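Thanks for coming. I have one structure to go through today, and I will keep it short. Please have a look at it first.

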Amino acid sequence: MDDLSVERSIASHFAALEDPRCQIQRRHLLSEMMVIAIAAALSGADGWVGVATFA
């Protein structure tokens, strides 16, 4: 088993995704946002307000 943390392994899984957002308005990496959204959903967040509250 690799010694990567769960966060890093999830982030590396999404690293190949192209970020469709405008370059100027990017404040966070897409892979980090995906990790936060997944963790929030697993914690019971049921929408983007819940994800933002979790984050």
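Predicted model: local features only at pLDDT ≥ 70, side-chain atom pairs only at ≥ 80, totals over all residues.

How many salt bridges does the count come to? Two.

Let me take them one at a time. R21 pairs with D19, and their closest N and O atoms lie 2.5 Å apart. D19 also forms a salt bridge with R26, where the closest N and O atoms are 3.5 Å apart.

Next, the pocket. The largest pocket has a volume of about 240 Å³. Its lining includes H28, E32, W48 and A55. By residue type, the lining divides into nine nonpolar, one polar and one charged.

Which helix gives the largest share of that lining? Helix 2 does, with six residues. Helix 2 spans 30–42 and helix 3 spans 48–54, and each supplies at least two residues of the lining.

Last, confidence. The mean pLDDT of the protein is 84, and 85% of its residues reach 70 or more. Confidence is lowest in helix 1, residues 6–14, with a mean of 72. Helix 3 has the highest, at 95.

That is what I have.

Definitions and conventions
Residues numbered from 1 in each chain as written. Heavy atoms only, no water. 1 Å grid on protein atoms, 1.4 Å probe; cavity = no way out; pocket = protein on both sides within 12 Å on 5 of 7 lines; lining within 4 Å. Points joined across faces, edges and corners; volume = space filled by probe spheres on them. Helix = DSSP H or I, 4+ residues; strand = E, 2+ residues; numbered from the N terminus. Nonpolar A, V, L, I, M, F, W, Y, C, P; charged D, E, K, R; others polar. pLDDT = per-residue confidence, 0-100. Salt bridge = Lys/Arg side-chain N within 4 Å of Asp/Glu carboxyl O.
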